[in-house]
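Here is a short briefing on one protein model. Look over the sequence and the fold before reading on.

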Amino acid sequence: MNHSTRYLALFALGLASACQSQEEKAATHLVDALQTNASSPAEQAKANAWKAATTLPPALPASAVNVEPGVAQMLPEEGYLELVSVTSQAPVAAILALPAGLRSAQRGYPKVGPGYRIPFAAVLRWKPMGFGKSKPGIGNLQLPSARDSLRGFFISDIDRGGQVVPMRPAQPVTVQGVLYAYASPGGDKDPGLLTYPYRGLQISLPLAN
């Protein structure tokens with residue numbers, strides 16, 4: 001990896017975790033530098049890709065997107081956690097690290113993209129099944145942690161290093177979380193959002209008109 005490529009990789013990592021004002025400032029400097037130094041169509045294309053990848057998406061109200069299908073993807077596929085209800089706050093525009101499936105294979109191209117962090121409160125209910133039937137007492141609901149905010153919700157007796165909430169069968173529990181979603185590559189032609197692939201599959205969240 002040459003110095004330029006290494007710098008872009010480190011920049012992408014830092015950009016994805018920076019606060020919004022820092023994102024905008026750093027992105028502006030990088031794009032300006034790339035466009036200034038672009039001396040070929042290929043370099044100009046790379047500069048344009050970085051500009052698109054580091055431009056924050058427009059602000060959205062909480063009513064603009066139904067997060068329920070996305071939050072459901074954060075629950076175990078086995079179905080033992082039921083999503084009773086969910087309410088969300090206004091999406092927070094951000095520059096996010098892209099999952100592998102959305103990254104360009106071209107060297108030096110951005111591994112980040114515009115998207116949103118969507119805070120939510122969900123009411124979950126435990127429906128014991130499979131292994132859960134043999135442990136009908138209290139379950140340990142594992143929540144996404146600061147070290148792994150992309151982790152979903154699940155019940156486990158093993159300490160995974162995050163916050164744990166005691167949970168009894170059929171008794172609703174309210175939890176907090178953040179849903180990560182990306183602006184659609186289709187832009188205005190397809191204005192929906194794409195969730196992070198929590199189960200290895202991204203789903204579309206249409207935006208309200």
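The points below cover the overall fold, the nonpolar core and one arginine.

This is a predicted model: local features need pLDDT of at least 70, side-chain atom pairs count only at pLDDT 80 or more, and totals for chains, interfaces and linings use all residues. Residues are numbered from 1 along each chain as its sequence is written, and side-chain values use heavy atoms, with hydrogens and water left out.

**Overall fold**
- The protein has four helices and nine strands, taken as DSSP runs numbered from the N terminus (helices: H or I, at least four residues; strands: E, at least two).
- Along the sequence, the pattern reads α-α-α-α-β-β-β-β-β-β-β-β-β.
- Of the 209 residues, 39% count as buried (under 20% relative accessible area, 1.4 Å probe, protein chains only).

**Nonpolar core**
- The largest nonpolar core has 44 residues; such a core is a set of buried Ala, Val, Leu, Ile, Met, Phe, Trp, Tyr and Cys residues joined through side-chain atoms within 4.5 Å.
- Strand 3 supplies the largest share of this core, seven residues.
- Leu124, Leu141 and Phe153 have the most contacts inside this core.
- Leu124 touches residues including Leu83, Leu141, Phe153 and Val175 (contact: heavy atoms within 4.5 Å).

**Arg151**
- Arg151 sits in the loop between strand 4 (139–142) and strand 5 (154–155).
- Arg151 counts as buried because its relative accessibility is 13%.
- A polar atom of the Arg151 side chain lies 2.5 Å from the backbone oxygen of Leu143.
- Beyond four places away in sequence, Arg151 touches Met74, Leu143, Pro144, Ser145, Arg160 and Gly162.

Note on methods:
Buried means under 20% relative accessible area, exposed over 50%, partly exposed in between (1.4 Å probe, protein chains only). A polar contact is a pair of N or O atoms within 3.5 Å; within protein, one must be able to donate a hydrogen and the other to accept it, and residues adjacent in sequence count only if both atoms are side-chain atoms.
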